[in-house]
Amino acid sequence: MFDYDAELRGYREAFRTACGIRPGDRVLDVGCGAGQTTRDAGRDAAPGAVLGVDVAERMLEHARANTSDDNVRYVLADATTYDFEPVDVVISRFGVMFFDDPARAFRNLRRAARRVVFLVWQPRAENEWARAIPEAIGGSFRDDSPFSLGDPDTTRRLMTDAGFTEPTFTALREPLYYGPDVESAYENVLQLREPQTLLAGLDPADGDRARAALRETLKAHQTADGVQFGSAAWIIRTE
Ligand SMILES: C[S@@+](CC[C@H](N)C(=O)[O-])C[C@H]1O[C@@H](n2cnc3c(N)ncnc32)[C@H](O)[C@@H]1O
């Protein structure tokens, strides 16, 4: 499985600090994936309870396997419709941009809490990883959902219409990490759905050229701290 926690390591502490979770807090982690932020929240909230929800059972299997904290549990659920118990804060690291019906989903989350802390991508143009990797392969990624909350005005309206107070947007820029060297970064990128789709659409000769170009791009992004691409995100908060 693609190591999302490693890729996002630059954001981990900034997000944890932004969440501002205190002992005793009840926390909901939306789109919790393999649960790293759920476990971080569990440690900060103890003895308060943390619930991680995700629509992907495969991710929750990893989350459960990696969690030993008694105050953390996971539920397979669509955050758009699940009937949540009230909590003190709803958090999400890159898990709230994928709703089919964002207005309904945000209204549902508002029923769980007034206070939220979300980490979401800024627009694709600000995210080197989302431009450089498809460019190297000679195509473009079609799925814009990761950037669906990137425009603050649109997201502010979505959230206030759902009943939240005016959110604040704090810009963060961190490198995304793909591996210690070009070969491991290459293997990691090829595990991602969009590069796989682009490469699958090419004939063998173009596929070879695209793979070679991808390796060159990864080489150009090799740093002393591994292969990294620039990224930009918002921390969105309501009180
Ligand atoms: C980019 S991943 C982020 C995972 C995790 N928050 C992390 O930082 O490692 C987005 C996650 O949101 C989940 N997701 C998408 N739509 C969802 C929904 N409607 N309800 C709950 N989870 C959802 C996906 O299954 C996926 O695990």
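## The loop that holds F94

F94 sits in the loop between strand β4 (89-93) and helix α5 (102-112). Helices (H or I, at least four residues) and strands (E, at least two) are DSSP runs, numbered from the N terminus. This is a predicted model, in which local features need pLDDT of at least 70 and side-chain atom pairs count only at pLDDT 80 or more, while totals for chains, interfaces and linings use all residues. Residues are numbered from 1 along each chain as its sequence is written, and side-chain values use heavy atoms, with hydrogens and water left out.

What is the phi of F94 near? It is near 55°, a positive value in a residue other than glycine. Most residues other than glycine have a negative phi, and most peptide bonds are trans. F94 counts as buried because its relative accessibility is 5%; buried means under 20% relative accessible area, exposed over 50%, and partly exposed in between (1.4 Å probe, protein chains only).

## A cis peptide bond

A46 and P47 are joined by a cis peptide bond, with omega at about 10°. You can find P47 in the loop between α3 (36-45) and β2 (50-54).

## Two helix pairs

Two packed helices are described by the angle between their axes and the distance between the axes. Axes are lines fitted to C-alpha atoms, for helices over the stretch in contact, and angles run from 0 to 180 degrees between N-to-C directions. Start with helix α6 (residues 128-137) and helix α9 (residues 193-200): they pack at an angle of about 20°, with their axes 10 Å apart. That angle makes α6 roughly parallel to α9; angles under 35 degrees count as roughly parallel, over 145 as roughly antiparallel, 65 to 115 as roughly perpendicular and the rest as oblique. On the α6 side, I133, P134 and I137 meet P195, L198 and L199 of α9, where contact means heavy atoms within 4.5 Å. Sorted by class, this contact has 6 nonpolar, no polar and no charged residues. Here Ala, Val, Leu, Ile, Met, Phe, Trp, Tyr, Cys and Pro count as nonpolar, Asp, Glu, Lys and Arg as charged, and the others, Gly among them, as polar.

Now look at helix α8 (residues 182-189) and helix α10 (residues 204-220), which pack at about 125° with their axes 9 Å apart. They are therefore oblique to each other. From α8, the contact uses V182, E183, A185, Y186 and V189, and from α10 it uses R211, L214, R215, L218 and K219. By class, the contact of α8 with α10 has 6 nonpolar, no polar and 4 charged residues.

G201 lies in the loop between α9 and α10, and with 66% relative accessibility it counts as exposed. G201 and G139 are 62 residues apart in sequence, yet 10.0 Å apart in space, C-alpha to C-alpha.

Is Q228 buried or exposed? Q228, in strand β8 (residues 226-238), counts as buried at 16% relative accessibility. Leaving aside neighbours within four places in sequence, Q228 is in contact with R9, P175, L176, Y177, H221 and T223.

## The cysteines

A disulfide is a covalent bond between the sulfur atoms of two cysteines. With a disulfide taken as a pair of cysteine sulfur atoms within 2.5 Å, the count is 0 disulfides. C19 counts as buried at 2% relative accessibility, and C32 is buried with a relative accessible area of 7%.
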